[in-house]
Amino acid sequence: MFEKYSVKNYGINDLATGMQFKNLLEDLKSGRDEFYESVLSVVQKEPTSILDYESLLKIKVVFEYRELIKFISNEELKKNLIEFYTEPRIQKISNNELKAPIIRFINLHATEIFSNDDYDIKNETLKLCVTYTKGIQCWNEIINTTDDFLLRSHFDSIFEALKSTKIKVELVKKVLFPLSIRDFDQQIEITMRIEMVFEEEYKKFKEEIILFLDSAEFKAANNIVQIKFMKDVLGYRILGLKGEIFIKERLNAAEEILNKSKGGYQTVTNSEKYAELETICKDFSDKFYFLTYIELFSIYQFMQYESKDVSMLDFVTNIDLGTNHGKYSRGSFFVKFRKCKTQFILNTMYLMGKYKANFWQELIMYAEKVQDFTGISPFLKAHLTLVERLLNEKDYFSGSLSMSLIIERFLREIYLKLTYDVVGIFKEARFTLGDLLRFDLNTSNNKLRLLFSKEELETMDYFLTNNDYGMNMRNNLAHYNINAEDVDITYFSILMHIFIFILVKIDYQGLVFEK
């Protein structure tokens, strides 16, 4: 009954809440009494399994929606919700009544909960542990079992909730060690905050930085990542004179290797050319244009160009391409494709890093301009603001997931507008993002072909949904098929670039909307 509901309350401004209201309305209209009984059966039963617990969390969120009725403008939805919440048996139930069985289940099954593959259940449970901290008696099990990245994401609230110094020490050790390139920004920020209280762990972390330079993880990283890491370390000025001299010597050696690298699979890519172009652009929309276009051709179109000539790379390449797909298994094509990908990632990171808050302000204004031009529903500003906050918190997994959902809704609304001349998220739409990116269909069967070329859809399909030989980013994020620690700023930058490309494409070549 509750499979389509969420354990997370996304709030009034999130599109996901609208979908939850839609589900609730459908269930109330199709079988009100049956839905009442289902709710009561969950509430009155002590949860004994993860499935029971998940249903209880979902019912808790449904009851939290009571507070949102005053914001609902749809009269049919408001009427049905009021009738539901004022039904005598339902009215007796409060979130406080749900609190006790939730706490009992967490205390008895913490290891099972946090070993579960469901990210949302773990994330929401961690929030509840902080909220109900007086009743939580299993913090040791929670800290030992919970993923490191999740503990880092909630470090401040957990640290404040914990009363035992001994357990706080365990928390600090779990989030700081082992040191990782991907999580270093969060780790060092936590280190700076606990410096005065946990001097021993602070000292050990500084020692670990020096040792990390000889670790397998660091040596396996490419020169650009190594250089960034060492520059970040120097920027925090925590190692003292001797440590900084050691880091600078290693940094100089890495930069020398980078400068000498040329051609082939080790092609060095940087943002110097793009930096020169964007600096002379007064209008930010032009900066976005040069980020996504090479002269008159989009980068995504250029990436799919396949030379008919056979390169020596196709015979002698030792690259493990991991696919039998025709052109992607050709070394010359894949190296060119990878170089373009690396280039636009670096350029995107450069633009975001250089302009910081101003980048987001300009992006939102540009998105609203394009949004108004297409006539789709106004949703971009609120959701881009959320992504900005997640990026500022260095929550790259949640930021990437949110950006992938924005892209999906954006493309779906464009498709609905071009196909049926309708807008909004609640239209009957049974197609998936994979359907929208079908590059093998003509304009009659896929109206997005009126806006995007076959090659552009093919490139977006490679990044977003292709599970055979592509990155399948949207589905990997949505279904948690990728470890959150593997989602970093470079991963997010691909999604940001795709979103900017869609905006630029509409702005510069969206004549179909004028018709």
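Trainee: At roughly what angle do the axes of helix α21 and helix α27 cross?

Mentor: In this predicted model, local features need pLDDT of at least 70, side-chain atom pairs count only at pLDDT 80 or more, and totals for chains, interfaces and linings use all residues. Residues are numbered from 1 along each chain as its sequence is written, and side-chain values use heavy atoms, without hydrogens and water. Helices (DSSP runs of H or I, at least four residues, numbered from the N terminus) α21 (residues 357–374) and α27 (residues 489–509) have axes that come within 10 Å. These axes, lines fitted to C-alpha atoms over the stretch in contact, with angles from 0 to 180 degrees between N-to-C directions, cross at roughly 45 degrees.

Trainee: Which orientation do α21 and α27 therefore have to each other?

Mentor: Angles under 35 degrees count as roughly parallel, over 145 as roughly antiparallel, 65 to 115 as roughly perpendicular and the rest as oblique. With a crossing of roughly 45 degrees, α21 and α27 are therefore oblique.

Trainee: Which orientation do α22 and α23 have to each other?

Mentor: The axes of α22 (residues 380–392) and α23 (residues 396–420) come within 8 Å. Their crossing angle is roughly 160 degrees. The two helices are therefore roughly antiparallel.

Trainee: What percentage of the residues of the chain count as buried?

Mentor: Buried means under 20% relative accessible area, with a 1.4 Å probe and protein chains only. Of the 515 residues of the chain, the buried share is 51%.

How values were computed
Buried < 20%, exposed > 50% of the residue type's maximum accessible area, 1.4 Å probe, protein only.
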